[in-house]
Amino acid sequence: MTSKPTRITITLPADLLAAADRAVAEGAARSRNDLLVRALRDLLAARERAALDADFARMSTDADYLAESVALARDFDPVSWEVFQQAETRMG
């Protein structure tokens, strides 16, 4: 997601700023700004993945979801097996 940049001011501990400057000097990013943008995107993506993982974990104990999954699998199993057999025949 790219949008119009907004200028902000942040305050960092000196050791964190020094580490960021070293990372930029070593080529991890083009600039402090680029490093911060990448770090924020990585952090937010990790939080989103963790939220999805938590949702899937809840699904694994949801009786209604599990019953529906079993019913769907039962309904589609013959079709899935037929498609698998057709693919195996084509691949020889």
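**View 1. Helix H2 and the lining of the largest pocket.** Helix H2 contributes the most to the lining of the largest pocket, giving nine residues. The model shown here and in the views that follow is predicted. Across the whole lining there are 24 residues, and those lying nearest the centre of the pocket are Thr6, Asn33, Leu36, Val37 and Leu40. The elements that supply two or more residues to this lining are helix H1, which covers 14–25, and helix H2, which covers 32–59.

**View 2. Volume and residue types of the largest pocket.** The volume of the largest pocket comes to about 1,000 Å³. When the lining residues are sorted by type, twelve are nonpolar, while six are polar and a further six are charged.

**View 3. Asp34 in helix H2.** Asp34 has its place in helix H2. Asp34 counts as buried because its relative accessible area is 11%, and the cut-off for that class is under 20%. From this position, the side chain of Asp34 reaches the backbone nitrogen of Arg30, with a distance of 3.1 Å.

**View 4. Asp62 in the loop between H2 and H3.** Asp62 is found in the loop that lies between H2 and helix H3, the latter covering 63–91. With a relative accessible area of 35%, Asp62 is classed as partly exposed, whereas Asp34 is classed as buried. A polar atom of the Asp62 side chain lies 2.9 Å from the backbone nitrogen of Asp64.

**View 5. The helices and the overall extent of the protein.** The secondary structure of the protein consists of three helices and zero strands, and the pattern read along the sequence is α-α-α. The radius of gyration of the protein is 24 Å, whereas a compact globule of 92 residues would have a value near 12 Å. Along the principal axes, the C-alpha trace spans about 65 × 40 × 25 Å.

Key. Residues are numbered from 1 along each chain as its sequence is written. This is a predicted model: local features need pLDDT of at least 70, side-chain atom pairs count only at pLDDT 80 or more; totals for chains, interfaces and linings use all residues. Side-chain values use heavy atoms; hydrogens and water are left out. On a 1 Å grid over the protein atoms alone, a cavity is a set of points where a 1.4 Å probe fits but cannot get out, and a pocket is an open set with protein on both sides within 12 Å along at least five of seven lines; lining residues have an atom within 4 Å of a point. Grid points are joined across faces, edges and corners, and a volume is the space filled by probe spheres set on the points. Helices (H or I, at least four residues) and strands (E, at least two) are DSSP runs, numbered from the N terminus. Ala, Val, Leu, Ile, Met, Phe, Trp, Tyr, Cys and Pro count as nonpolar, Asp, Glu, Lys and Arg as charged, and the others, Gly among them, as polar. The radius of gyration is taken over C-alpha atoms; the globule rule is 2.2 Å times the number of residues to the power 0.38. Buried means under 20% relative accessible area, exposed over 50%, partly exposed in between (1.4 Å probe, protein chains only). A polar contact is a pair of N or O atoms within 3.5 Å; within protein, one must be able to donate a hydrogen and the other to accept it, and residues adjacent in sequence count only if both atoms are side-chain atoms.
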